[in-house]
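The following dialogue is meant for a reader who is new to this structure.

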Amino acid sequence: MSLIDEPRHQLEVPARPAPPIPYGMLAELTHRCPLQCPYCSNPVELDRRNVELDTETWLRVFSEAAKLGVLQVHLSGGEPTARRDLEQMIRHCVEVGLYTNLITAGVGVTTERLQSISDAGIDHVQLSFQGATADMTDKVSNFRGAHERKLAVAHEVRRLGLPLTINSVVHRANIHQIPDFIELALSLGAKRIEIAHSQYYGWALRNRGALMPTRDQVFWALDVVEEARTRLKGILTIDAVVPDYYAKYPKPCMNGWGRQSLNVTPSGKVLPCHAAETIPNLDFWNVRDHSLSDVWVNSPAFNAFRGTDWMPPLCKSCDRKEIDWGGCRCQAMAIAGDAAATDPACHLSPLHADLLALAEADADGSEVYDYRRYFQPDRAG
Amino acid sequence: MTATLAANSVPRLARGVRLRHDEARGQWVLLAPERVLNPDPVAVEILKKVDGARSIGLIVDELAAAFTVERQTIATDVDAFLAGLAEKGLIEVTSPLVGDAAS
Ligand code: SF4
Ligand code: SF4
């Protein structure tokens with residue numbers, strides 16, 4: 001029997017099982033940012049302002065996200081407050097029932113701006129600190145006075161009664177400040193802190209030699225976080241993203257490719273994770289040409305590594321395959337040269353020893369950063 | 001189980017916490033910073049009444065009227081549930097905790 005001539009919509013059995021419903025969407029509203037963090041997860045090729053989606057398209061994307069079942073939207077960048085239509089987007093998200101989370105670096109954000117963002121209905125603010133002290137923040141972000149401005153923003157966020165999370169990215173130069181980051185979060189009235197190790201894509205991959213912590217630092221950090229978690233239970237939630245270079249099992253990256261979340265870039269490309277563009281030959285669809293649910297269900301990039309069918313035999317036969325989903329596709333690409341390989345962070349991967357050796361060699365490097373640069377200083381505000 | 005919240009205190013969802021019906025999955029969800037909680041049907045009935053106006057006593061009265069469960073049982077459940085949410089910072093209660101749970 002042949003079904004070849006049948007139009008697809010008449011088939012009773014879908015070509016593949018319906019994908020799960022996503023919970024979260026990261027909306028990278030712009031790549032513009034006044035800071036120059038050397039670990040920035042934005043791609044090295046930054047989107048220019050003239051290719052950014054317009055307001056109307058973003059509003060449509062938010063409506064489609066809500067309909068698709070997305071519950072939380074993370075308004076990020078770059079620096080999302082560089083978009084003057086941010087408040088309009090927040091209001092729209094609230095209207096269609098989306099929970100809104102602002103992820104900001106806090107530089108160039110005035111008191112008036114925060115008030116209007118709060119009035120628009122923002123639910124939660126995540127504020128990044130590149131260091132726990134002014135010296136460190138200013139050095140890592142390559143922006144003099146950044147720390148002071150962030151402190152002011154944090155105070156204002158709390159004064160407005162908004163829940164605050166402090167985001168800190170740690171690496172070799174500032175990892176020793178973890179206890180100070182935790183103190184800082186407490187003193188600013190944050191209820192949550194994210195302590196994430198640099199992830200080596202985009203700018204961070206360029207700077208890996210300058211960022212990679214030593215093994216001793218990583219294990220020290222684990223102990224410090226564990227101790228603080230117990231001590232601060234009920235006062236401060238500490239979410240720590242452990243670097244998996246030195247671990248036994250890989251991270252369940254994105255909790256599975258195309259399973260829970262999606263990411264829209266400033267120019268409208270829809271990615272399964274923010275680093276997915278580092279995998280060559282994946283066909284990413286754009287919200288300019290497709291509805292969000294069409295992208296989620298049908299785009300080749302989302303289906304490439306969804307579920308467990310794509311897995312190499314090592315993962316397929318492993319009882320952790322639906323726990324860590326074979327780890328990170330981008331790391332497999334970067335280290336194994338094959339996005340469909342077992343993540344080399346897994347101790348079962350034949351490349352695990354290589355990854356470890358690479359990390360240890362990098363941890364010996366110097367701390368000269370190749371700062372993230374956005375060549376057209378184009379600060380809105 | 002000791003009572004921890006006064007019956008005349010008024011709970012409301014903290015800023016950044018929202019209860020909504022999730023059409024796509026056909027369930028109620030409590031949304032909080034970086035969290036999605038799935039309250040069970042009893043919890044949903046309680047949460048729907050947490051509006052910053054009703055006191056805990058009134059919430060218990062209304063639930064007792066709506067369900068054929070003894071008022072004392074409801075009071076105990078509501079108290080335990082709301083005290084737990086308050087501890088997690090998901091709700092705010094106008095008057096301070098009285099007594100202390102033997103936890
Ligand atoms: S990581 Fe730094 S440079 Fe990159 S968007 Fe955030 S604040 Fe800007
Ligand atoms: S073999 Fe694959 S599925 Fe098993 S633990 Fe390693 S990465 Fe995870």
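Q: How many nonpolar, polar and charged residues does the shell around ligand 1 have?

A: By class, Ala, Val, Leu, Ile, Met, Phe, Trp, Tyr, Cys and Pro count as nonpolar, Asp, Glu, Lys and Arg as charged, and the others, Gly among them, as polar. In the shell around ligand 1 there are five nonpolar, two polar and one charged residues. The model is predicted: local features need pLDDT of at least 70 and side-chain atom pairs count only at pLDDT 80 or more, whereas totals for chains, interfaces and linings use all residues. Residues are numbered from 1 along each chain as its sequence is written, chains are lettered from A and ligands numbered from 1 in the order in which they are written, and side-chain values use heavy atoms, with hydrogens and water left out.

Q: Which residues are around ligand 1?

A: A residue is near a molecule if one of its heavy atoms lies within 4 Å of it. Around ligand 1 these are Cys33(A), Leu35(A), Cys37(A), Cys40(A), Gly78(A), Ala105(A), Gln130(A) and Arg372(A). From the UniProt record, an unreviewed entry, comes a "binding site" listing of Cys33(A), Cys37(A) and Cys40(A). UniProt positions are given in the numbering used here, feature names are shortened, and annotations may be inferred rather than shown by experiment.

Q: Is Cys37(A) buried or exposed, and why?

A: Buried means under 20% relative accessible area, exposed over 50%, and partly exposed in between (1.4 Å probe, protein chains only). Cys37(A) counts as buried because its relative accessibility is 10%. Likewise, Cys40(A) is buried because its relative accessible area is 13%.

Q: Where is Cys37(A) found along chain A?

A: Helices (H or I, at least four residues) and strands (E, at least two) are DSSP runs, numbered from the N terminus. Cys37(A) is in the loop between strand S1 (24-28) and helix H1 (55-68) of chain A, and Cys40(A) also has its place in the loop between S1 and H1.

Q: With which residues is Cys37(A) in contact, leaving aside its neighbours within four places in sequence?

A: Contact means heavy atoms within 4.5 Å. With those neighbours left aside, Cys37(A) is in contact with Gln130(A), Val140(A), Ser141(A) and Arg372(A).

Q: Which residues of helix H4 (residues 134-141) of chain A are buried?

A: In this helix, Met136(A), Thr137(A), Asp138(A), Val140(A) and Ser141(A) are buried. The buried residues of H4(A) pack against strand S4 (124-129) and helix H5 (146-159) of chain A. After H4(A) comes Asn142(A), with a positive phi near 55 degrees.

Q: Which residues are around ligand 2?

A: Here the shell is formed by Tyr249(A), Pro250(A), Leu314(A), Cys315(A), Cys318(A), Arg320(A), Lys321(A), Asp324(A), Gly326(A), Thr342(A), Cys346(A) and Leu348(A). By class, the shell around ligand 2 divides into seven nonpolar, two polar and three charged residues.

Q: Where is the place of Cys328(A) in chain A?

A: Cys328(A) is in the loop between helix H12 (313-316) and helix H13 (329-336). Cys328(A) counts as buried because its relative accessibility is 5%. Not counting residues up to four places away in sequence, Cys328(A) touches Tyr201(A), Lys251(A), Cys253(A) and Asp343(A).

Q: What is the area buried between chain A and chain B?

A: The size of an interface is often given as the accessible area lost when the parts come together. Buried area is the accessible area (1.4 Å probe) that two parts lose on being put together, summed over both. Between chain A and chain B it is about 1700 Å², of which carbon and sulfur atoms give 49%. In chain A, Leu71(A), Gln72(A) and Tyr99(A) lose the most area to chain B, together 32% of what that side buries. The contact takes 28 residues from chain A and 15 residues from chain B.

Q: How many salt bridges does the rule find across the interface of chain A and chain B?

A: A salt bridge is a side-chain nitrogen of Lys or Arg within 4 Å of a carboxyl oxygen of Asp or Glu. Across this interface the rule finds one. Asp123(A) forms a salt bridge with Arg18(B), with the closest N and O atoms 2.7 Å apart.

Q: How many helices and strands does chain B have?

A: Chain B has three helices and five strands, and from the N terminus on its elements run β-β-β-β-α-α-α-β. Of the 103 residues of chain B, 38% count as buried.
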